[in-house]
Amino acid sequence: MAIHTLSKQERLCGRSLTSQLFDTAGSKSLVAFPLRMVWTTGPRRADEPRAKMLISVSKRRLRHAVDRNRAKRQVREAYRLVKSAFFQDLKHLPDEQMLLVGFIWLADRPVPSAVVTSHVQRLVRQLCEKT
């Protein structure tokens, strides 16, 4: 049975990793409205997980903090549920590399959780096929 958790170490934070995700020419992206997923690979230490994720919801897209927080919570929950299968598909990555993944919110309005979950699952499945 898979354990569905999302620990602090699995979250992408810090300026260097964030700039590596968004500023490098090697970053690739996929879109499944209301989300865009950006990913790249980076060096990994032995104590780090195979993948780190980041969620970005712009104030321009969702003006109210309640809506932004809900969108982030929806994406986190959907990723948490699909993460165990995602990590199984990442076994082919070398041990010294990790995947940096960013989810960017594109919609101007809140979206139902079922829609967000299905789109996160589709994006992760497409990512596993491409890597």
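**Salt bridges and burial**

Visitor: What makes D95 count as exposed?
Guide: Its relative accessibility is 53%. Exposed means over 50% relative accessible area, buried under 20%, and partly exposed in between (1.4 Å probe, protein chains only). So D95 counts as exposed.

Visitor: What kind of model is this?
Guide: This is a predicted model: local features need pLDDT of at least 70, side-chain atom pairs count only at pLDDT 80 or more, and totals for chains, interfaces and linings use all residues. Residues are numbered from 1 along each chain as its sequence is written, and side-chain values use heavy atoms, with hydrogens and water left out.

Visitor: Why is the contact of R50 with D95 called a salt bridge?
Guide: The closest N and O atoms are 2.9 Å apart. A salt bridge needs a side-chain nitrogen of Lys or Arg within 4 Å of a carboxyl oxygen of Asp or Glu. The pair therefore qualifies. R50 itself is buried, at 15% relative accessible area.

Visitor: How do you know that K83 and E10 tie together separate parts?
Guide: Their salt bridge has its closest N and O atoms 3.0 Å apart. K83 lies in helix 2 (residues 65–89) and E10 in the segment before helix 1 (15–23), so the pair ties together parts 73 residues apart in sequence. Helices here are DSSP runs (H or I, at least four residues), numbered from the N terminus, and strands are E runs of at least two.

Visitor: Why is K83 called buried?
Guide: Its relative accessible area is 6%, so K83 is under the buried limit. E10, at 9%, is buried too.

Visitor: Which residues form a network of salt bridges?
Guide: R45, D47, E48 and K52. Within it, K52 pairs with E48, with closest N and O atoms 3.6 Å apart.
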